[in-house]
Amino acid sequence: MPRRRQSHEPGHRRKFLVVIDETPECDRAVYYAARRAARTGGGVVMLAVLELADVQSQWLGVADLMRAEATDKAQASLDNFAARSRSISGIEPEQVIREGQVAEEIVKLIEADEDIAILVLATGTGSEGPGPLVSALASGAWAGLAVPITIVPGSLSDSEIDALA
């Protein structure tokens, strides 16, 4: 059974969870989460997930090198989006790096942090579909998720998001 959300209890604040990945729509989700958190006195949690399926088949030294390179790349991406969040909202986001499957790690993080109250995703704007995270949502991968999900249209501009957030 999911933990009760504590985001409105004394000593807690509502946090918006954003998954940091290489998709173009990631910026739209970060922008929305940062603006919404700033306007509601909340926080932002940025999650990068290392999907290292090939690591298990590698020799120990090679696996460690692959993991280190992936971690460095994820940290650089988190730092970039954290700077963007700070410039948008003045809020210092929490940064989390996990290893595993994205959907599973999202669920685990939400279960572990009772202040996360909203998962923010954005849709892709290309012809290849709505993006991997929104597609996973549509497939029912997160049916038991304990928080609402906000889906931001990936085609919205900063000013359009400002009007909504």
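Visitor: What share of the contacts in the protein chain with a separation of 6 or more comes from residues 24 or more positions apart?

Guide: Keep in mind that this is a predicted model. Take the contacts in the protein chain with a separation of 6 or more, then pick out those between residues 24 or more positions apart; their share is 74%.

Visitor: Which pattern of strands and helices does the protein chain follow along the sequence?

Guide: Start with the inventory: there are five helices and five strands. Reading along the sequence, you get β-α-β-α-β-α-β-α-β-α.

Visitor: And what is the radius of gyration of the protein chain?

Guide: For 165 residues the globule rule gives 15 Å, and the computed value is close to that, so the chain is as compact as a globular protein of that length. The C-alpha atoms fill a box of roughly 50 × 40 × 30 Å along the principal axes. The radius of gyration itself is 16 Å.

Visitor: How many residues of strand β2 are buried?

Guide: Let's go face by face. In a regular strand, side chains alternate between the two faces of the sheet. For residues 43-50, then, the count is eight of eight.

Visitor: Which residue in β3 is the bridge partner of Met 46?

Guide: β2 pairs with two strands we can look at here. With β1 (residues 15-19) it pairs in the parallel sense over five bridges, and there Val 18 stands opposite Met 46. With β3 (residues 94-99) the pairing is also parallel, over six bridges. In β3, the partner of Met 46 is Gln 95.

Visitor: What is the handedness of the β-α-β crossover from β1 to β2?

Guide: β1 and β2 are parallel partners. Between them the chain passes through helix α1 (residues 26-40), and the crossover is right-handed.

Visitor: What distance separates the C-alpha atoms of Trp 142 and Val 107?

Guide: Val 107 is another of the residues that Trp 142 touches. The two are 35 residues apart along the chain, and their C-alpha atoms are separated by 7.6 Å.

Terms used: Residues are numbered from 1 along each chain as its sequence is written. This is a predicted model: local features need pLDDT of at least 70, side-chain atom pairs count only at pLDDT 80 or more; totals for chains, interfaces and linings use all residues. Side-chain values use heavy atoms; hydrogens and water are left out. Buried means under 20% relative accessible area, exposed over 50%, partly exposed in between (1.4 Å probe, protein chains only). Helices (H or I, at least four residues) and strands (E, at least two) are DSSP runs, numbered from the N terminus. Two strands pair if DSSP finds at least two bridges between them. A crossover is right-handed if, with the strands pointing away from the viewer, the path from the first strand over the helix to the second runs clockwise. Contact means heavy atoms within 4.5 Å. The radius of gyration is taken over C-alpha atoms; the globule rule is 2.2 Å times the number of residues to the power 0.38. Lists of a residue's contacts leave out its neighbours within four places in sequence.
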